[in-house]
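Please read this briefing with the sequence and the structure side by side. The points are grouped by topic for a reader who meets this structure for the first time.

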Amino acid sequence: MIKENHISRIILTVLITLFNLSLINIYAQVAKNPVIWADVPDVSTIRVGDTYYMSSTTMHMSPGLPIMKSKDLVNWEIAGYAYDRLVENDKMNLENGQEAYGKGSWASSLRYHNGIFYVSTFSATSGKTHVYKTKNIETEPWEAFSFEPVLHDNSLFFDDDGKVYMLYGGGTIKLVELLPDASGIKPNGIEKVIIDNVNLVFGKDEVGGLPGEGCQIRKINGKYYLFNIASPKSHWARTVIVHRADKITGPYEGRVVLQDQHIAQGGLIDTPDGNWYAMLFGDRGSVGRIPYLVPVKWENDWPILGTNGKVPETLDLPDNSNGIFGIVASDEFERKENDPKLPLAWQWNHNPDNKNWAILENPGRLRITTGRVDKSILFAKNTLTQRTFGPKSSATTLVNVSEMKNGDVAGLIAFQNKFGYVGVKKENDKMFIVMTQSRLGFEDEDQKQGIKMINKLSESFKEIEQIPLHQENVYFKIDCDFETDEAYFYYSLDGEKWQKIGNTLNMVYTFTKHFMGYRFGLFNFATEEAGGYVDFDYYRVNKID
């Protein structure tokens, strides 16, 4: 009897264990929101066959207008960029004291029509509306068109009758007809206001918040559905508003379809098996504006977003816990034949000076040479960046500083208008490890929005701590905690023992300057004499548990 009970207990234990393992396996197959915990704002999403594509905004970065792809809507990787350099001018080239922080190109619209991919954007920095097209995002170059005027937050649309349009605006939404190849505005084509004021959906007393913008239009079963982001006057609540019409010229009727967790701006996407979702983004502090996937049902030809009006934490889609590593990437700077010089995860801060950086072999390393004298990191050429990511992320690098000149500063940065970096400074032929932090010009607290609006580029900075350095190689690390919006800085002389240095950086997302989430960056700039260089041996990025 004792033996039988023992066997029964063993069987019961095995069954419980198998059940628990099955629960773990089931849980592992569930996707979680946000689908990308990194700065991927202003999303425009399409499906071509069984592959999804999504465009986003990276403003002053080069290359720009990233296109991502996915097979399941939750695991994304960068497929390419629509342009290498948006425009050649002083602002994008960081020349003559000019800069394009928070500018460059903004919200895009991605489309696929008759075997060709199109993506449109607009730019106050160039003063134009831009359209790019290619037959293959990953293997063929983009053909570029541009025209005036600047059409704000435009949505490109190819109708069934062969006509091509852009819908655009902020508050008031307008429609303009384009040439058949979308390369410019059609002379004597249709041009009219189709929605006088998006925010009237809130009621007359609530007009005055964020004006309706971020147009994304779809035609579904003969009806036109226009998505916009807006907020009511009385409280800062980012909201998805949809207007519907039987004709593209209107009339349109509108309604609020989602108001939850400040998640808004984006559009509809369907799956091959007939399910519907909305890909949107949510503002999440210093990490930036990050994508959320929201299930959609249809009632009386209206899209119903969310689960009981809420954005769900989990989705019945594949596990996406490692999906961030299609957006960010470690780099040993080792290259095989025909490899690109830089993986797609990398972007330069503004247009780079290609004469003063190189990937070197045996061993692989990134060399950044100073080409001029600059007053601060914000105006330095050739700062190479990647996104940070949440909830916590860490970047490390090893740099050789033996060929720095007096006045040179090089290292690893947590980059935004309010930045912090750990690096090496050469001064009077001596080397110092330094931690430096910017000091914002001024802050204007907007009580209605509940956010800090930074209205001036942070040109001043303060060296918090310096330590003498007596060797040529030094390791740097930055940890970013986006649950507390704090960054921590470290150095090591051997790559094993890490020493904290300087202050904790209280990270702040600034809207009027930079207007993007924090980035990790590798840099080298001169304050006295050009021509010095440093070699970065690797860049490694990781999640922090």
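Glu95, Arg372, Asp374 and Lys381 are linked in a network of salt bridges, where a salt bridge is a side-chain nitrogen of Lys or Arg within 4 Å of a carboxyl oxygen of Asp or Glu. The model is a predicted one, in which local features need pLDDT of at least 70 and side-chain atom pairs count only at pLDDT 80 or more, while totals for chains, interfaces and linings use all residues. Residues are numbered from 1 along each chain as its sequence is written, and side-chain values use heavy atoms, with hydrogens and water left out.

**Salt bridges**

- The structure holds 25 salt bridges, and one of them joins Arg238 to Asp283, with the closest N and O atoms 2.5 Å apart.
- Arg238 lies in the loop between strand E16 (223-230) and strand E17 (239-245), whereas Asp283 belongs to strand E20 (residues 276-283), so the pair ties together parts that are 45 residues apart in sequence; strands (E, at least two residues) are DSSP runs, numbered from the N terminus.
- Both Arg238 and Asp283 are buried, a term that means under 20% relative accessible area, with exposed meaning over 50% and partly exposed in between (1.4 Å probe, protein chains only).
- Lys310 forms a salt bridge with Asp260, and the closest N and O atoms are 3.7 Å apart.
- This pair links distant parts of the chain, 50 residues apart, with Lys310 in the loop between strand E22 (302-305) and strand E23 (314-315) and Asp260 in the loop between strand E18 (253-258) and strand E19 (263-270).
- Lys310 is partly exposed, because its relative accessible area is 48%, whereas Asp260, with a relative accessible area of 8%, is buried.
- Glu332 forms a salt bridge with Arg540, the closest N and O atoms being 2.8 Å apart.
- Here too the pair links distant parts of the chain, since Glu332 is in the loop between E23 and strand E24 (347-349) and Arg540 is in strand E40, 208 residues apart.
- Glu332 counts as partly exposed at 36% relative accessibility, and Arg540 counts as partly exposed at 33%.

**Surroundings of Asp535**

- Asp535 lies in strand E40 (residues 533-543) and is buried, with a relative accessible area of 9%.
- The side chains of Asp535 and Arg365 are joined by a polar contact of 3.2 Å, that is, a pair of N or O atoms within 3.5 Å, of which, within protein, one must be able to donate a hydrogen and the other to accept it, while residues adjacent in sequence count only if both atoms are side-chain atoms.
- Not counting residues up to four places away in sequence, Asp535 touches Leu360, Arg365, Leu366, Arg367, Leu398, Val399 and Asn400, where contact means heavy atoms within 4.5 Å.

**An eight-stranded sheet**

- An open sheet of eight strands has the order E4-E24-E27-E39-E29-E30-E31-E34, with antiparallel pairing; two strands pair if DSSP finds at least two bridges between them.
- Strand E4 (61-62) and strand E34 (460-469) stand at the edges, each with a single partner strand, so one side of each is left without a neighbour in the sheet.
- Strand E31 (residues 430-439) runs antiparallel to E34 and is joined to it by nine bridges, and the bridge partner of Arg439 in E34 is Ser460.

**Cysteines**

- With a disulfide taken as a pair of cysteine sulfur atoms within 2.5 Å, the count comes to zero disulfides.
- Cys215 counts as buried at 1% relative accessibility, and Cys480 is buried with a relative accessible area of 1%.

Definitions and conventions
Helix = DSSP H or I, 4+ residues; strand = E, 2+ residues; numbered from the N terminus.
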